[in-house]
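Good morning, and thank you for joining this group meeting. Please take a moment to look at the sequence and the structure that I am about to show.

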There are 2 protein chains.
Amino acid sequence: MASDQTRSAILAAAERLYADRGFGDVTLRDIVAEANVNLAAVNYHFGSKDELIAELFVTRSIQTNRERLNELKAAEERGGGRATIEDIIRALVGPPLRGCLGPDREGSTAARFMIRASIESVPPIRRIKNREVDHLRKFAAAMRRAMPGRDDTELYWGLHFALAMAHHTIREKERLLRLSEGKCDLDDVRAIIDRVVSVTVMALTAGEVPASKPARPAFVQGRLTRQDL
Amino acid sequence: MASDQTRSAILAAAERLYADRGFGDVTLRDIVAEANVNLAAVNYHFGSKDELIAELFVTRSIQTNRERLNELKAAEERGGGRATIEDIIRALVGPPLRGCLGPDREGSTAARFMIRASIESVPPIRRIKNREVDHLRKFAAAMRRAMPGRDDTELYWGLHFALAMAHHTIREKERLLRLSEGKCDLDDVRAIIDRVVSVTVMALTAGEVPASKPARPAFVQGRLTRQDL
DNA sequence: GATAGTTTCATACAAATGTTTGAAATGCAA
DNA sequence: TTGCATTTCAAACATTTGTATGAAACTATC
């Protein structure tokens, strides 16, 4: 058998099993049985179990990050070099949400694998996630260009909350479905993205004033009353 | 040695080790060594390793949930039976945020343990978290009373996003610190709670109109422009 | 202080797991 | 075909792990 076929078979089997049963419950023996290859093949082709998991995760991560940067670039070109804050957030949360949610993605192994990786947290995946900060800096920079007057701290909190809502929706979709008794439609990805984007934009622009008065975010000063909105 | 002393020693040692090194890296042998008790003591007093972890987690969970309900009750009494939406969200996110963040909590084993439990995800903890839905329903009910006209779906999304921001801040505080190069102050818990509450209230009240026009949330209809705010 | 119930202890068990090994098979170029 | 490198394979290795056992030590009650 060609070397690459064994490699691919292992990758496919591993992704499927991890997606279905989680990292804790799947052993190398499960994977090689599913892939119909020899036990030693994993260490021969990947070096170790952790490197296999890492390769699975980086592949999907790179995919998401590339989509994010493509969307960001497209938005910047539309705006003549400067994207709107809304489009920046959309480029940030759209790809992972589209990648993990939606009715067509239900059966997608890749989607289920990434949801798993978001819920459980194994060392090789943690290591890769830690490198994500560099990627996020590009979005922070774009946000800074989109909202020049805004305090950096506010931008970071906005970026952070956007990711919070996106990731938490992916990770806790079952619970939200159960809590809302099915009322929250988790298949309408477009609407979810709109929701996350609009809340984030609201948070980022709250308290912002045209130009005269100094920008002083209302929500860090204390409690907020209806009149403030 | 009195029976309870061994039990407590195991609980304390386990919480400390899990807090420091995570669930994946700590074995029963590590725990009993730290607690200076015999290996068999764990199974004698707790039945199994999973039941030990479960007991640790439920203890802290019950604590948080009680604080939440106390705050909710206090807010409802202040408002004559009906709490404001702001106070409800505050009661929801305040306790876990205060429990896990802040300079004084830095050395707290309980805080570090709960952060760990939020990052990693082991079966016994997952089982307990699944029961949390019943607890959250009480807050959904309170929100419904606070915003009678609002569509239920909107309330659930608001509740969901509030938890998203709170939990994600707890779980990713290191990353936010690194991304913002220390600009985001994660020790100022009061300000963080204010932030989460105000963003949530904004999300929940956006598009809401005094009474005449039908409430139609702007952010589910499509992109949001500055004028909409 | 004898007895019954509880707790501790050293040790063994049994199973699972990632990894390694060395030979056999296969592929491929000269 | 020969020879060399790559790949596959069965088997074994070496730990690690949670759990169980049965005797010993301890405690409290009568």
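I shall speak about the fold of chain A, then its aromatic rings, and then a charged patch.

Please keep in mind that this is a predicted model.

Let us begin with the fold. Chain A contains 11 helices and 0 strands, and its pattern along the sequence reads α-α-α-α-α-α-α-α-α-α-α. Chain A has 229 residues, of which 53% count as buried.

I turn now to the aromatic rings. How many aromatic pairs does the structure hold over all chains? There are 6. In one of them, the ring centres of Tyr18(A) and Phe23(A) lie 4.7 Å apart and the planes stand at 35°, so this pair is tilted. Tyr18(A) and Phe23(A) are both buried. In chain B, the rings of Tyr18(B) and Phe23(B) also have centres 4.7 Å apart and planes at 35°, so that pair is tilted. Tyr18(B) is buried, as is Phe23(B). Returning to chain A, Tyr18(A) and Phe23(A) belong to one aromatic cluster together with Phe113(A).

Finally, the surface. Which residues form a negative surface patch? They are Asp104(A), Glu106(A), Glu174(A), Asp185(A), Asp187(A) and Asp188(A). Let us take Glu174(A) as an example; this residue sits in helix 10 of chain A, which covers residues 173-179. Is Glu174(A) buried or exposed? Its relative accessibility is 54%, and because the cut-off for exposed is over 50%, Glu174(A) counts as exposed.

Thank you for your attention.

Note on methods:
Residues are numbered from 1 along each chain as its sequence is written. Chains are lettered from A and ligands numbered from 1 in the order in which they are written. This is a predicted model: local features need pLDDT of at least 70, side-chain atom pairs count only at pLDDT 80 or more; totals for chains, interfaces and linings use all residues. Side-chain values use heavy atoms; hydrogens and water are left out. Patches are made of residues with over 30% relative accessible area and no salt bridge: like charges are joined within 9 Å, nonpolar side chains (Val, Leu, Ile, Met, Phe, Trp, Tyr) within 5 Å. Accessible areas come from the Shrake-Rupley method with a 1.4 Å probe; for residues, only the protein chains shown count as cover. A salt bridge is a side-chain nitrogen of Lys or Arg within 4 Å of a carboxyl oxygen of Asp or Glu. Lys and Arg count as positive and Asp and Glu as negative; His and the chain ends are not counted. The place of a charge is taken as NZ of Lys, CZ of Arg, CG of Asp or CD of Glu. Helices (H or I, at least four residues) and strands (E, at least two) are DSSP runs, numbered from the N terminus. Buried means under 20% relative accessible area, exposed over 50%, partly exposed in between (1.4 Å probe, protein chains only). Rings of Phe, Tyr and Trp (its six-membered ring) pair if their centres lie within 6.5 Å; planes under 30 degrees apart count as stacked, over 60 as edge-to-face and the rest as tilted.
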